[in-house]
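Hi everyone, thanks for making time. I'd like to walk you through one model today, so let's get it up on the screen.

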Amino acid sequence: MALPRPRTRAGADGLDRLTAAPGTALLAFDFDGTLAPIVADPSDARAHPGAVSELARLSPRVGRVAVVTGRPARTAVDYGGLAGIGGVTVLGQYGRERWDGGAVTTPAPPPGVERVRRELPGLLERVGAPEGTSVEDKGQALAVHTRNAAGPQAALALVRPSLEELAQRHGLVVEPGRLVLELRPPGMDKGAALQPLVREWGATSVLYAGDDLADLAAFDAVEHLRGQGVAGVTVCSASEEVAALAERADLVVGGPAGVAGLLAELRAALPEAPSGGEGGGDQE
Ligand SMILES: O=P(O)(O)OC[C@H]1O[C@H](O[C@H]2O[C@H](CO)[C@@H](O)[C@H](O)[C@H]2O)[C@H](O)[C@@H](O)[C@@H]1O
């Protein structure tokens, strides 16, 4: 299969420049919904096997690979099998955490997180959150999931006003996602996380793939970087749950399996890695 042609001129230029100079390309990916198929229980999420194996093969052929996720960095490393792949950086919790093949660097969460942790169970009970609503405690943030409620969208709409009030009262923001509302610290987003990586590695091109609303900030960053001479391609890992990314992206592929396919096509378009270069993990 041939590498697909982005539907925008800027995206096509971005992909051309990436394949012409892969050694200074940054490939960045969201985790859930992009590298990992969406599943009912967040703790069951694992990267698509094809995506992981293609990342391992691609990593030695490009400048750098990054995963930019709302998950804790360590969770993405473990669920993604990323510790076995060299040249990968993981920015977790929307860029508050960083893993580079070693320990995770993470700041202390602001005090509002602990206050929200204490108040959340009582609040969900008071507003009548239906059975199946669950809380994922990520240390730096708390996520309220409704995927397993009988009416997931209605449940989300029911709890949203109270969660917004709670977040605001404790200096947090609400990050909406796929049948989830996260209460997290302000001041960081995936775009603010991505841009310093591009500068740090002197990337001349960047590809960013995502599936959810939080990835729009990274799409914004790619478009901003184009204005600064960094070529860019945005990729939507499409689903029936989110329309906004497909409308914006240069390339649209069918979920994590489609991302794996795109990575295979990209690899085929790049020169071979130096011998022995593929798949080696960073030292932990
Ligand atoms: O930035 P991401 O890597 O996309 O992470 C965003 C959130 O994804 C996870 O929730 C989503 O995936 C779950 C597992 O497939 C699914 O059950 C849930 O409905 C989705 O919203 C994760 O649990 C969150 O912590 C992430 O922030």
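**Helix packing, domains and ligand shell**

Let's start with a helix pair: K190, G191, L194, Q195 and V198 in α6 meet A217, A218, D220, A221 and L225 in α7. Contact here is C-beta atoms, placed from the backbone, within 7 Å, and helices are DSSP runs of H or I, at least four residues, numbered from the N terminus, with strands being E runs of at least two. By class, that contact splits into 6 nonpolar, 2 polar and 2 charged residues; Ala, Val, Leu, Ile, Met, Phe, Trp, Tyr, Cys and Pro count as nonpolar, Asp, Glu, Lys and Arg as charged, and the others, Gly among them, as polar.

Before I go on, this is a predicted model: local features need pLDDT of at least 70, side-chain atom pairs count only at 80 or more, and totals for chains, interfaces and linings use all residues. Numbering runs from 1 along each chain as its sequence is written.

Zooming out, the domain assignment, automatic or from a database, gives domain 1 (9–106 + 189–269) and domain 2 (111–184). Their C-alpha centres sit 27 Å apart, and the contact takes 14 residues from each of domain 1 and domain 2. On the domain 1 side, that's 8 nonpolar, 3 polar and 3 charged.

So what comes nearest the ligand? Of the 24 residues around the ligand, it's F31, D32, P42, T69 and G70, where "around" means a C-beta atom, placed from the backbone, within 6 Å. β7 (142–145) and β9 (180–184) are the elements giving two or more residues to that shell.

Key: Two residues are in contact if their C-beta atoms, placed from the backbone, lie within 7 Å.
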